[in-house]
Amino acid sequence: EPITVYFGKSLPMQQSFDSSEANLKNVFAYVTHNDKNDTMLYLGNGVYMCKSLIAQNGESYSLFADWNNYVVRSETNVPFTASFQNAILDTVIENNDTSFTIQGVLTPRPGAVYGATWSIISSNPSFVLEDSVISNLAREQDKDLLGNLLISTRKISIDLVRKWRSNLFIRVHAFDEQIYNYFITQDANNASNNIFSTSGVNLRWNVTGDGIGMFIGKTDFIVRVK
C-alpha cells in the first residue's frame with residue numbers, strides 16, 4: 001500500500017483535545033528508500049501520503065519531517081509474511097460463560113513481532129465484522145523448541161460463532177519489532193487513544209528529534225478457520 005503518516009501537535013494539558021487544532025497542514029516530509037526521496041502530499045486531517053512509493057515486504061524506509069523547524073526522523077522495515085497453520089477455535093469457559101478464541105501456529109521471521117484478530121467475512125449474506133484490538137504481541141524469542149509461535153485473538157462471543165461458524169477467519173498481523181517496546185509501555189501513563197492529546201512520559205517511541213510517535217512497517221493476511 002502507499003505509505004501514509006499522520007502528523008499532529010500536542011495541545012496544552014488544560015485544553016480539551018480538538019483534532020482540528022492538532023492536525024498539521026504544513027509539514028514538509030519525505031520517505032527515503034534505496035537512496036531515493038519521495039515527498040509526501042497532504043491528504044487532509046493531518047494525514048500525508050507518498051506520491052508514488054509503495055511499501056514492499058522486506059524493504060526498509062526512512063522518514064524525515066520538518067514543521068516550523070521542528071525536525072523528526074525515523075526508520076522502519078516492512079516484515080515478510082510468515083508460514084501459518086492450524087487456525088482453530090479454542091473454547092474459553094469463565095464464570096459458566098462460554099466464548100472462544102481463534103488460535104494458530106506460525107514460523108516467525110527475525111525482526112518481526114506478531115499479533116492476531118478475529119474476522120467474520122461473508123458474501124452471502126454480505127456481512128463483515130472484524131475485531132480492531134490486538135491484545136498481545138509475540139516475538140521470535142517466544143517460539144517453542146520446534147521453532148513455532150502460538151498466537152491468539154481476543155475472545156469472540158458464542159452467539160457470533162454459532163451464527164457465522166463457516167465464515168470465521170483469523171487475521172495475522174506482522175510488525176517491525178520496534179513496535180514491541182511501545183506496545184508494552186503504551187498504558188504507562190494512561191494515554192488516551194490519540195497520542196497527541198496527552199504527554200508521552202514513559203512511552204517508548206521510534207521517532208527521534210523534536211517529536212514523539214511511531215513510524216512502523218506492517219503486513220497482514222487472513223486465514224479461514226477450518
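**Exercise 1.** Determine what share of the residues of the protein counts as buried.

*Solution.* Begin with the basis: this is a predicted model, in which local features need pLDDT of at least 70 and side-chain atom pairs count only at pLDDT 80 or more, while totals for chains, interfaces and linings use all residues. Residues are numbered from 1 along each chain as its sequence is written, and side-chain values use heavy atoms, with hydrogens and water left out. Next, apply the cut-off, where buried means under 20% relative accessible area (1.4 Å probe, protein chains only). By this criterion, 39% of the 226 residues are buried.

**Exercise 2.** Find which residues touch the most other members of the largest nonpolar core, and which element gives the most to this core.

*Solution.* A nonpolar core is a set of buried Ala, Val, Leu, Ile, Met, Phe, Trp, Tyr and Cys residues joined through side-chain atoms within 4.5 Å. The largest such core has 22 residues, and those touching the most other members are Phe84, Leu106, Tyr114, Ile151, Ile156 and Leu168. Two or more residues each come from β7 (83–94), β8 (97–107), β9 (112–123), β12 (149–152), α2 (158–164) and β14 (168–176), the strands (E, at least two residues) and helices (H or I, at least four) being DSSP runs numbered from the N terminus. The most is given by β9, with 5 residues.

**Exercise 3.** List the contacts of Leu168, leaving aside its neighbours within four places in sequence.

*Solution.* Taking contact as heavy atoms within 4.5 Å, one finds that Leu168 meets Leu89, Ile102, Ser119, Ile120, Ile156, Val161, Val223, Arg224 and Val225. A second, separate core of 18 residues includes Phe7, Leu53, Val72 and Val207.

Conventions. Buried < 20%, exposed > 50% of the residue type's maximum accessible area, 1.4 Å probe, protein only.
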